[in-house]
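I am opening my notebook on a new model. I will start with a pocket and then follow the strands.

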Amino acid sequence: MGRRKGSIGTVFLVGAVLAGAGACGAGGTSAAADGAAPHTTAAAPAPTASATAPSAPASSASSSPSPTHSTSAPAAPRQPSAPATTASATPKKAPAPPPMLLNTITPTGGATVGVAMPVSVVFTNPVAPSARAAVERHLKVSASRATTGAWHWFSGTRVDWRPKSYWKPGTRVAVDADLAGVSNGNGRVGTHSYHHAFTIGDDVEATVSVTAHTMRVTRDGATVRTVPIDAGSKSWPSWDGTMAVIDKQPTVRMTSCSVGISCDKKDKDYYDLTLPWDVHLTNSGTYLHYSTGDPYPGHSVGSHGCVHLSLADAKWFYNYVKQGDPITITGSPRGKAAADNGYADFNLSWSQWLAGSGSGAGTTLPY
């Protein structure tokens, strides 16, 4: 089921989550953030005009025919005119290059997030491939526990840092974006530095079995609860793979039209519903939630790609999980969600992840 959210394009807005394109629909396979329209750039100083002093206009004497016998006074000696003077022009200053701006950094400062949460930085304008390694070196990740990880560029505007394996619970993490004076390789230069910190919370994970119609929830490796679910149908299968929770909302309006399923109200696949307890998994519209059309899940497949829970289980799960908790779906024929379709970073192997890095793997700095 589907809905749309608006994008965010505020200079140095910190911690905005990726905007969802819809809910429970086919959606796209990739959701790389390409950035917002460029913000106002630094204007060049107005050039100083050269000032030239004009010469005095020559006087023109208009004479009528002289009467007979009249006499004229002798003309005064003509003085040479002073040469025109030109004021020296003020040298023009080269205009400052436009700034390299950050659109978002996720997660927000002070947040407590799950063990699969990446650091995700979105630039307003693309960073050239030739400049990415240098930019990475100025995006410094520190942690209270030494952690191996790397940056990965999904596009010129989005770069994520994730650990090789999940974070350890309780790790304190800081991000320092020391971008003042750093070039993006496309004519823009950073003007600010930024620092924020967050904490990794308990290891809460959920595994959804499409074929068994169940979801098992664990905390620090121990099973907390197993609940019945229904997942996508053969026509509209759910994504496989691991997706970190993007965010959650108490209600979401879900429409088939918003995700390209059907805008025809007579179509059997048409829907327009506002449903409760929604945990957001992909930008293409995957949610775990309660559905009025499937109030007693656990016996069939029949959603448009979402995972349905009972009303009581949906409310419990909504209150239990947090941003960054990994949700793994198995048994669906659709294949894994693209790694940039939300925060599905762990759907890439470590070697695939490093292939998109400019500076390679490294260990976090001391916190």
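Entry 1: I looked up the second largest pocket and found about 220 Å³ of space in it. On a 1 Å grid over the protein atoms alone, a pocket is an open set of points where a 1.4 Å probe fits, with protein on both sides within 12 Å along at least five of seven lines; lining residues have an atom within 4 Å of a point. Grid points are joined across faces, edges and corners, and the volume is the space filled by probe spheres set on the points. The lining has 16 residues, and the closest to the pocket centre are Leu139, Trp151, Trp161, Gly362 and Thr363. I sorted the lining into 7 nonpolar, 6 polar and 3 charged residues. Here Ala, Val, Leu, Ile, Met, Phe, Trp, Tyr, Cys and Pro count as nonpolar, Asp, Glu, Lys and Arg as charged, and the others, Gly among them, as polar. Helix 1 (132–137), strand 5 (139–143), strand 6 (148–153) and strand 20 (362–363) each give at least two lining residues. Helices (H or I, at least four residues) and strands (E, at least two) are DSSP runs, numbered from the N terminus.

**Entry 2: ground rules.** This is a predicted model, in which local features need pLDDT of at least 70 and side-chain atom pairs count only at pLDDT 80 or more, while totals for chains, interfaces and linings use all residues. Residues are numbered from 1 along each chain as its sequence is written, and side-chain values use heavy atoms, with hydrogens and water left out.

Entry 3: I traced an open sheet of 5 strands in the order 2-4-7-6-20, with antiparallel pairing. Which strands stand at the edges? They are strand 2 (102–106) and strand 20; each has a single partner strand, so one side of each lacks a neighbour in the sheet. Two strands pair if DSSP finds at least two bridges between them. Strand 4 (119–123) and strand 7 (158–163) pair antiparallel over 4 bridges. Val122 stands opposite Arg158 in strand 7.

**Entry 4: two loop residues.** Met117 lies in the loop between strand 3 (112–113) and strand 4. Is Met117 buried or exposed? Met117 has 0% relative accessibility, so it counts as buried. Buried means under 20% relative accessible area, exposed over 50%, partly exposed in between (1.4 Å probe, protein chains only). Met117 touches Trp167 and Tyr343, among others. Contact means heavy atoms within 4.5 Å. The C-alpha atoms of Met117 and Val245 are 8.2 Å apart, with the two residues 128 apart along the chain. Lys322 sits in the loop between helix 2 (311–320) and strand 19 (326–330). Lys322 has 17% relative accessibility, so it is buried too. The contacts of Lys322 include Asp202 and Val245.

**Entry 5: strand 17.** Strand 17 (287–290) is covered on both faces: Tyr287 and His289 on one side, Leu288 and Tyr290 on the other, are all buried. Strand 16 (272–280) runs antiparallel to strand 17, joined by 2 bridges. The hairpin of strands 16 and 17 has 6 residues between the strands, and Gly285 takes a positive phi near 115° there. Strand 18 (307–309) runs parallel to strand 17, with 3 bridges. His289 has His308 as its bridge partner in strand 18.

**Entry 6: a disulfide.** I counted 1 disulfide, a pair of cysteine sulfur atoms within 2.5 Å. The disulfide joins Cys257 to Cys263, S to S 1.9 Å. Cys257 is partly exposed at 36%, and Cys263 is exposed at 52%.

Methods. Lists of a residue's contacts leave out its neighbours within four places in sequence.
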